[in-house]
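This report describes the architecture, the charged pairs and the surface of one protein model. Please consult the sequence and the coordinates while reading.

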Amino acid sequence: MWDNATIMMLVKETGTTLFITLSSTVFGYALGLPLGILLVVTAKDGLWPNAVIYKILDVTVNVIRSVPFLILMMMLIPFTRFVVGKSYGAAATIVPLTIAAAPFIARLVESSLLEVDKGVIEAAQSMGAGIGTIVWKVLLAEARTSLIVGATITLGTILGYSAMAGVVGGGGLGDVAIRYGYFRYQADIMIVTVALLVILVQILQVIGTKLSKKLDKRITG
């Protein structure tokens with residue numbers, strides 16, 4: 001059973017899982033980072049308070065986050081097919097993963113930015129810094145360590161979601177676990193795919209932790 005073809009399949013699908021995870025994270029941050037910034041800026045005590053915009057964004061984030069990923073993925077099948085031309089495979093999995101990740105990322109970004117000392121923001125304002133400058137050079141710069149930690153959490157979460165996509169032929173290790181471990185009752189392949197997913201999460205966690213420590217000015221040595 002453990003012939004060269006099986007091993008090569010696992011190697012290939014591990015690469016597919018990484019591709020799906022990293023691509024979805026990048027696209028998720030392209031949407032979630034500005035969304036999180038807007039939530040902080042338009043909040044009641046933000047740099048540009050706007051109750052209407054904040055409420056719309058807040059409700060949108062909460063609604064999308066409340067929908068279980070498998071259901072969201074199925075709901076988005078028409079949209080996914082419109083974007084990538086099909087509703088299965090690695091590329092198709094990235095679409096719902098990105099949409100599911102964006103509000104999650106937005107909340108992590110919002111939480112990180114809210115940790116920034118208000119005194120630093122007030123000091124920047126007193127020197128005449130505009131909103132854009134404060135966001136870029138104060139909020140994001142001061143919260144970079146927390147943002148890296150959030151990105152690490154996001155990678156692990158998206159990796160888990162990508163495995164769920166195997167239920168509908170999303171590709172990657174989740175697809176292998178469903179097709180071989182579940183439908184064909186090959187428990188050994190199921191165990192190996194789970195082990196590979198755990199190893200990938202641990203690797204991403206270690207990289208994220210080391211990077212956050214390196215960027216944290218409070219940590220020396």
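Are Glu110 and Arg107 buried or exposed? In this predicted model, Glu110 is buried, and Arg107 is buried as well. The account below first sets out the overall fold and then returns to these residues.

**Overall architecture**

The protein contains 10 helices and 0 strands. Read from the N terminus, its elements follow the order α-α-α-α-α-α-α-α-α-α. The C-alpha trace extends over about 70 × 50 × 25 Å along the principal axes. Of the 221 residues in the protein, 43% are buried.

**Packing of helices H1 and H8**

Helix H1 covers residues 4–41 and helix H8 covers residues 144–164; the two pack at an angle of about 130°, and their axes are 9 Å apart. Because of this angle, H1 is oblique to H8. The crossing of H1 and H8 is right-handed.

Helix H1 also contains Val40. Val40 has a relative accessibility of 10% and therefore counts as buried, the cut-off being under 20%. In sequence, Val40 is 72 residues away from Ser112, while the C-alpha atoms of Val40 and Ser112 are 9.9 Å apart in space.

**Salt bridges**

Side chains of opposite charge can pair when their charged atoms come close. The structure holds 3 salt bridges, and they are listed in the table.

| Salt bridge | N to O distance |
|---|---|
| Arg107 and Asp58 | 2.4 Å |
| Glu110 and Arg107 | 2.7 Å |
| Arg179 and Asp175 | 3.0 Å |

The side chains of Arg107 and Asp58 meet at 2.4 Å, N to O. Arg107 belongs to helix H5 (residues 90–114) and Asp58 to helix H2 (residues 51–66), so this pair ties together parts that are 49 residues apart in sequence. Both partners, Arg107 and Asp58, are buried.

As stated at the outset, Glu110 and Arg107 are each buried.

How many residues separate Arg179 and Asp175 in helix H9? Arg179 and Asp175 are 4 residues apart in this helix (residues 173–182), which is about one turn. Salt bridges with shared partners join Asp58, Arg107 and Glu110 into one network.

**A nonpolar surface patch**

Which residues form a nonpolar patch on the surface? The patch consists of Phe79, Phe82, Val83 and Val84, which together have about 400 Å² of accessible area. Phe82 is located in helix H4, which runs over residues 77–84. With a relative accessibility of 70%, Phe82 counts as exposed, because the threshold for that class is over 50%.

**Summary**

In this predicted model, the protein has 10 helices and 0 strands, and the helices H1 and H8 cross in a right-handed manner. Asp58, Arg107 and Glu110 are joined by salt bridges into one network, while Phe79, Phe82, Val83 and Val84 make up a nonpolar patch on the surface.

Technical notes. Residues are numbered from 1 along each chain as its sequence is written. This is a predicted model: local features need pLDDT of at least 70, side-chain atom pairs count only at pLDDT 80 or more; totals for chains, interfaces and linings use all residues. Side-chain values use heavy atoms; hydrogens and water are left out. Patches are made of residues with over 30% relative accessible area and no salt bridge: like charges are joined within 9 Å, nonpolar side chains (Val, Leu, Ile, Met, Phe, Trp, Tyr) within 5 Å. Accessible areas come from the Shrake-Rupley method with a 1.4 Å probe; for residues, only the protein chains shown count as cover. A salt bridge is a side-chain nitrogen of Lys or Arg within 4 Å of a carboxyl oxygen of Asp or Glu. Buried means under 20% relative accessible area, exposed over 50%, partly exposed in between (1.4 Å probe, protein chains only). Axes are lines fitted to C-alpha atoms, for helices over the stretch in contact, and angles run from 0 to 180 degrees between N-to-C directions. Angles under 35 degrees count as roughly parallel, over 145 as roughly antiparallel, 65 to 115 as roughly perpendicular and the rest as oblique. A crossing is left-handed if the near helix is turned anticlockwise from the far one by less than a right angle, and right-handed if clockwise.
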